[in-house]
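I opened this model to look at its packing and side-chain contacts. The entries below follow the order in which I looked things up.

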Amino acid sequence: MMLDPRHQLKETASQTAGPYVHIGLAPNQAGFDIFDKNFTNVLAGPATRGERIAIEGTVIDGSGTPLRDVLLEIWQANADGRYNHPADLQGKELDKSFRGWGRACSDFETGEYRFETIKPGPVMGRNGREMAPHINFWIVARGINIGLNTRMYFSDEAERNAKDPVLNLIEWEVRRKTLVARREDRNGDVVYRFDIRIQGEDETVFFDI
């Protein structure tokens with residue numbers, strides 16, 4: 001009797017994301033100059049409408065240690081609350097100088113990441129319910145097999161945050177604060193601090209999308 005060959009094959013060993021993530025997706029930070037146009041952490045140009053902001057933070061593991069090899073991507077609406085995507089049919093004005101997408105790596109020494117962008121406007125969600133201004137995050141690093149998705153909201157939008165349909169899906173209200181970035185004013189510059197905790201106390205809420 002012939003045996004099904006599939007039963008004779010052993011499972012291939014797996015490995016988590018390694019240094020090639022930076023070489024392929026953020027080569028400049030890995031010391032390579034291989035693309036004519038690199039995607040950067042700067043989303044807003046001179047003509048972009050809206051309030052200029054920076055987003056800074058670290059990604060922290062379960063032991064409380066900042067991860068130093070993290071790659072983060074963000075995508076967001078413009079200052080009027082519209083995404084630069086054909087699927088956004090809100091009828092709001094499109095800002096052609098704002099692509100609404102950026103990529104950054106954490107610093108190999110400090111673990112700090114930074115984005116330079118504009119504060120987004122509120123977006124109309126499903127069933128005509130307005131969503132508070134927010135920024136979508138995707139995070140990947142060594143030890144993270146599947147990219148993590150989360151959102152960042154703004155501490156100075158408390159009234160809108162309280163009505164946001166996504167935040168209100170989080171049953172434990174105390175955990176909603178893990179998605180709210182703290183506003184800081186530094187010599188006229190607006191910086192939002194958003195630390196992301198993978199595990200442990202105050203673990204950030206992540207979404208399946």
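**Entry 1: R193**

I began with R193, which touches E56, G57, T58, E112, A181, R182 and E184, leaving out residues up to four places away in sequence; contact means heavy atoms within 4.5 Å. I note that this is a predicted model, in which local features need pLDDT of at least 70, side-chain atom pairs count only at pLDDT 80 or more, and totals for chains, interfaces and linings use all residues. Residues are numbered from 1 along each chain as its sequence is written, and side-chain values use heavy atoms, with hydrogens and water left out.

R193 belongs to strand β10 (residues 189-193); strands are DSSP runs of E with at least two residues, helices are runs of H or I with at least four, and both are numbered from the N terminus. Is R193 buried or exposed? It is buried, at a relative accessible area of 17%; buried means under 20%, exposed over 50%, and partly exposed in between, with a 1.4 Å probe and protein chains only. I found a polar contact of 3.1 Å between the side chains of R193 and D195. A polar contact is a pair of N or O atoms within 3.5 Å; within protein, one must be able to donate a hydrogen and the other to accept it, and residues adjacent in sequence count only if both atoms are side-chain atoms.

**Entry 2: aromatic rings**

I listed the ring pairs next, and the count is five aromatic pairs. Rings of Phe, Tyr and Trp (its six-membered ring) pair if their centres lie within 6.5 Å; planes under 30 degrees apart are stacked, over 60 edge-to-face, and the rest tilted. The ring centres of F115 and F137 are 6.2 Å apart and the planes stand at 90 degrees, so this pair is edge-to-face. F115 is in strand β4 (residues 112-118) and F137 in strand β7 (residues 134-140), so the pair ties together parts 22 residues apart in sequence. F115 is buried at 0% relative accessible area, and F137 is buried at 0%. Y113, F115, F137 and F194 are linked into a cluster by ring pairs.

**Entry 3: the cores**

The largest nonpolar core has 28 residues, and those with the most contacts inside it are I55, L72, F115, F137 and M152. Such a core is a set of buried Ala, Val, Leu, Ile, Met, Phe, Trp, Tyr and Cys residues joined through side-chain atoms within 4.5 Å. The elements giving it two or more residues are β1 (52-60), β2 (71-76), β4, β7, β8 (148-154) and β10. I also noted a second, separate core of eleven residues, which includes A77, Y153, V166 and L167.

I135 lies in strand β7 and is buried at 0% relative accessibility. Its C-alpha atom is 6.6 Å from that of I74, 61 residues apart along the chain. Beyond neighbours within four places in sequence, the contacts of I135 include I55, I74, T150 and M152.

T150 is in strand β8 and is buried, with a relative accessible area of 3%. What lies 2.6 Å from a polar atom of the T150 side chain? I found the backbone oxygen of V205 there.

**Entry 4: whole chain**

I counted four helices and eleven strands in the chain. Buried residues are 42% of the 209 residues.
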